[in-house]
Amino acid sequence: MRKRFGAVQAVDGVDLELYPGEIHALVGENGAGKSTLAAIAYGAVRADEGTVEADGVVGLVHQHFKLIDRLRVWENVLLNREPKRGWTIDVPAARERVRALSSAYGLAVDPDALVETLPVGIKQRVELLRELDREPSVLLLDEPTAALAPSEIASFFSTIADLAKRGTAVLVVTHKLGEVIAYSQRVTVMRAGRVVATHLTNETNADQIAREMVGGEVPALAARAAMAGSLLLEARGLSARSGTSAITDASFEVRAGEIVGIAGIEGNGQSALADALAGVVPFAGDVVFDGAHLHADDPPAARLQRGIRVIPQDRRGEALVLDWNVRDNVALGRQRTLALGKFGDAAREVIERFDVRPPDADAVVAQLSGGNQQKIVVGRALTSAPKLIVAYQPTRGIDIGAAALVQSRLIEARNGGAGVLLISFELDEIFACADRVLVIANGKFVGTFDRASIDRGRIGALMAGHA
Ligand SMILES: Nc1ncnc2c1ncn2[C@@H]1O[C@H](COP(=O)(O)OP(=O)(O)O)[C@@H](O)[C@H]1O
Ligand SMILES: [Mg+2]
């Protein structure tokens with residue numbers, strides 16, 4: 001199969017076979033093409049080339065839930081397949097069908113619950129039940145455990161293992177190598193749209209898979225900084241929790257004029273780290289920033305005042321007010337310190353330096369592309385005299401041109417004396433920008449590398465939780 005989106009060859013000549021009775025794991029870094037491949041196999045995305053053959057129905061549980069919040073569980077599960085009595089839906093029969101399905105697979109749900117009231121773990125079950133009602137012989141699961149708590153993951157996989165035992169062919173997309181080793185029988189590794197390896201799981205190990213996932217060479221760094229400067233941020237024994245993300249007893253430092261890359265697989269404590277520094281969640285431990293303590297209860301506004309800038313992971317949810325214009329979004333966070341008459345100047349600076357298109361301060365942010373929205377988020381952080389920049393996945397989901405611009409502006413900010421903490425799930429991004437790399441796994445820092453000592457395979461293995 002092959003599929004191109006604009007300049008991106010998302011899937012580049014992939015062959016994949018799934019067998020009845022088998023859990024097949026599909027792994028790869030963010031952007032490797034896993035979701036696109038699954039969507040092609042399901043029939044939701046049309047491949048440019050290639051064919052898909054399946055013996056029976058193919059089901060797909062999406063990476064991002066596709067449930068209708070305002071409907072009940074049974075309505076979601078049976079949408080467009082509701083049992084009818086005459087012209088109307090046979091509600092008692094529908095409820096019963098969902099109840100029977102849920103008990104057959106050990107996926108407890110209340111058929112009458114409104115989906116919007118359910119926690120993510122239960123929503124996941126509803127998604128799964130909806131596909132199971134179609135009696136798929138092939139079931140594709142795109143990062144099914146991403147939103148689950150660790151305690152829910154084992155029970156989820158026992159359901160999936162049951163399904164496989166009944167003869168279903170299962171594909172599980174994941175980047176959690178522990179899950180691959182524990183639950184799959186076969187594993188395929190993708191990188192940059194291609195399959196780099198397929199193994200029987202019991203003939204490989206997490207180290208080998210991690211090395212295959214990250215592959216490639218370490219790129220040379222453009223425009224090296226002369227020298228890292230004075231100590232800017234020093235954290236000792238930092239612990240924090242944000243949702244299901246946790247970081248424990250982390251000690252690290254960031255110097256002025258240095259980009260410190262945090263390399264890790266998604267879900268290993270990165271959110272807790274970023275949120276603790278941003279002031280969104282409390283932390284324990286000792287943090288000194290720019291010569292003075294940072295207190296766990298210092299609000300985000302006080303941190304902004306001191307020169308900490310955060311580029312959050314979720315630009316639409318955490319960084320922008322989508323129905324405001326560019327000008328007001330650029331001023332956001334500086335509304336108390338920036339004279340009203342200067343809002344336009346600040347916006348123009350971001351628009352010019354970050355090549356925002358259209359170059360219009362009055363444009364409503366919701367109408368810009370993701371790449372241009374991100375330029376505003378990054379531009380706002382970098383044009384307001386930042387001392388420390390916490391950049392969380394700063395190029396996530398944006399096109400290559402916008403990503404290159406964001407990275408080169410981060411490097412410029414570092415050359416100008418700012419310290420940067422770059423949290424990224426993409427090793428290529430870390431290697432392209434960072435002066436020093438800290439590896440995070442299971443909420444702990446497990447390795448440090450400077451540019452001279454970077455070892456891609458070793459970093460991959462540490463990321464996978466192998467010391
Ligand atoms: N609908 C789309 N439009 C444009 N680019 C896309 C689209 N879907 C995916 N891509 C791009 O294709 C590549 C592969 O994406 P994806 O299949 O989602 O990867 P993965 O699931 O492995 O993270 C990425 O560079 C992504 O940005
Ligand atoms: Mg994906």
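Helices (H or I, at least four residues) and strands (E, at least two) are DSSP runs, numbered from the N terminus. This is a predicted model, in which local features need pLDDT of at least 70 and side-chain atom pairs count only at pLDDT 80 or more, while totals for chains, interfaces and linings use all residues. Residues are numbered from 1 along each chain as its sequence is written, chains are lettered from A and ligands numbered from 1 in the order in which they are written, and side-chain values use heavy atoms, with hydrogens and water left out.

**The two domains**

Begin by colouring residues 2-214 as domain 1 and residues 231-463 as domain 2; such bounds come from an automatic or database domain assignment. The C-alpha centres of the two domains are 32 Å apart.

**The six-stranded sheet**

Select β4, β7, β8, β3, β9 and β10, which in that order form an open sheet with mixed pairing. Two strands count as paired if DSSP finds at least two bridges between them. Strands of a sheet pair through backbone hydrogen bonds, either parallel or antiparallel. Which strands stand at the edges? They are β4 (58-61) and β10 (194-200); each has a single partner strand, so one side of each is left without a neighbour in the sheet.

Next, select β9 (residues 186-191) together with β10: the two pair in the antiparallel sense over six bridges. Within this pair, M190 has V195 of β10 as its bridge partner.

Contact here means heavy atoms within 4.5 Å.

Helix α4 (residues 120-132) is the next selection: α4 lies across β4 and β7 (138-142) and runs at about 170° to β4. Then move to E143, in the loop between β7 and α5 (150-165). Phi of E143 is near 45°, a positive value in a residue other than glycine.

**Between the domains**

Seven residues of domain 1 are in contact with 11 residues of domain 2. The area buried between the domains is about 1000 Å², and carbon and sulfur atoms give 58% of it; buried area is the accessible area (1.4 Å probe) that two parts lose on being put together, summed over both. Select N30, H175 and V214: in domain 1 these lose the most area to domain 2, together 47% of what that side buries. How many salt bridges cross this interface? The rule, a side-chain nitrogen of Lys or Arg within 4 Å of a carboxyl oxygen of Asp or Glu, finds zero.

**The four-stranded sheet**

Select β12, β11, β14 and β15, which in that order make an open sheet with antiparallel pairing. Its edge strands, β12 (245-255) and β15 (292-294), each pair on one side only. Three bridges join β14 (residues 283-289) to β15, and V288 stands opposite H293 in β15.

**A cis peptide bond**

Finally, select R357 and P358: the peptide bond from R357 to P358 is cis, with omega near 0°. P358 is found in the loop between α12 (343-353) and α13 (370-382).

Conventions: Axes are lines fitted to C-alpha atoms, for helices over the stretch in contact, and angles run from 0 to 180 degrees between N-to-C directions.
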